[in-house]
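Hi there,

Here is the structure I promised to pass on. Have a look at it first, and my notes follow below.

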Amino acid sequence: FSVCTRPVMAKLCRSSKTFKPKKNIPEGSHQYELLKHAEATLGSGNLRTAVMLPEGEDLNEWVAVNTVDFFNQINMLYGTITDFCTEESCPVMSAGPKYEYHWADGTNIKELDDETLFPSLIGVPFPKNFMSVAKTILKRLFRVYAHIYHQHFDPVIQLQEEAHLNTSFKHFIFFVQEFNLIDRRELAPLQELIEKLTSKDR
């Protein structure tokens, strides 16, 4: 299954290759162990603690593991509401009337399974532009959350997935805030929700 088969998301897929079928982190790799650490920490219920860089770990690797995980989460969440996101209902990718998203980034196409960008082998360095690319991917993932909240929240409620969406988004926001990965202006379409979801954890 790929969200790229859906008309609205196909535009994003064709231009940025951000959405593809689920990317798996190789079992037995250090990144796999980091993902397991993240999942175990999430079980504590404290999302602010869960997003913090584990002691002695590389920031690039931590950002890479979490970016892949957020991609997989949003891929799954979006997949549940694809029947409601059609060319007719969503002729443009938007987050309410004020925010319309355009996905083209020229020839600078990045993929999550690009080993030069997301190396899975120990000792293989991350490229110098890794953090910049990760920020672009996370910004685009935020836009998908924003689109779901603004345009498809009713189906989310009908499907009883509101708690899952809110928890996933809250985790995502804590992560990007912890490492300053998305410009505050980009978060504007969901600023009120962000303040509501994060106010109890300050």
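A nonpolar core here is a set of buried Ala, Val, Leu, Ile, Met, Phe, Trp, Tyr and Cys residues joined through side-chain atoms within 4.5 Å. Buried means under 20% relative accessible area, exposed over 50%, and partly exposed in between (1.4 Å probe, protein chains only).

Before the details, some ground rules. This is a predicted model, in which local features need pLDDT of at least 70 and side-chain atom pairs count only at pLDDT 80 or more, while totals for chains, interfaces and linings use all residues. Residues are numbered from 1 along each chain as its sequence is written, and side-chain values use heavy atoms, with hydrogens and water left out.

The overall picture: the protein chain has 8 helices and 2 strands, arranged along the sequence as α-α-α-α-β-β-α-α-α-α. Both are DSSP runs numbered from the N terminus (helices H or I, at least four residues; strands E, at least two). Of its 202 residues, 49% count as buried.

Now the core. The largest nonpolar core holds 54 residues, and Phe142, Phe169 and Phe172 touch the most other members. Two or more residues each come from helix 2 (30–42), helix 4 (59–80), helix 5 (130–151), helix 7 (162–178) and helix 8 (191–198). Helix 5 gives the largest share, 12 residues. Setting aside neighbours within four places in sequence, phenylalanine 169 is in contact (heavy atoms within 4.5 Å) with Phe142, Tyr145, Tyr149, Leu190, Leu193, Ile194 and Leu197.

On the helix 4 side, the contact includes Trp62, Phe70 and Leu77, and on the helix 7 side it includes His164, Phe172 and Phe175.

Finally, which loop holds methionine 52? Methionine 52 sits between helix 3 (47–50) and helix 4, and it counts as partly exposed because its relative accessibility is 41%. Beyond its neighbours within four places in sequence, methionine 52 is in contact with Trp62, Glu178 and Phe179.

Best wishes
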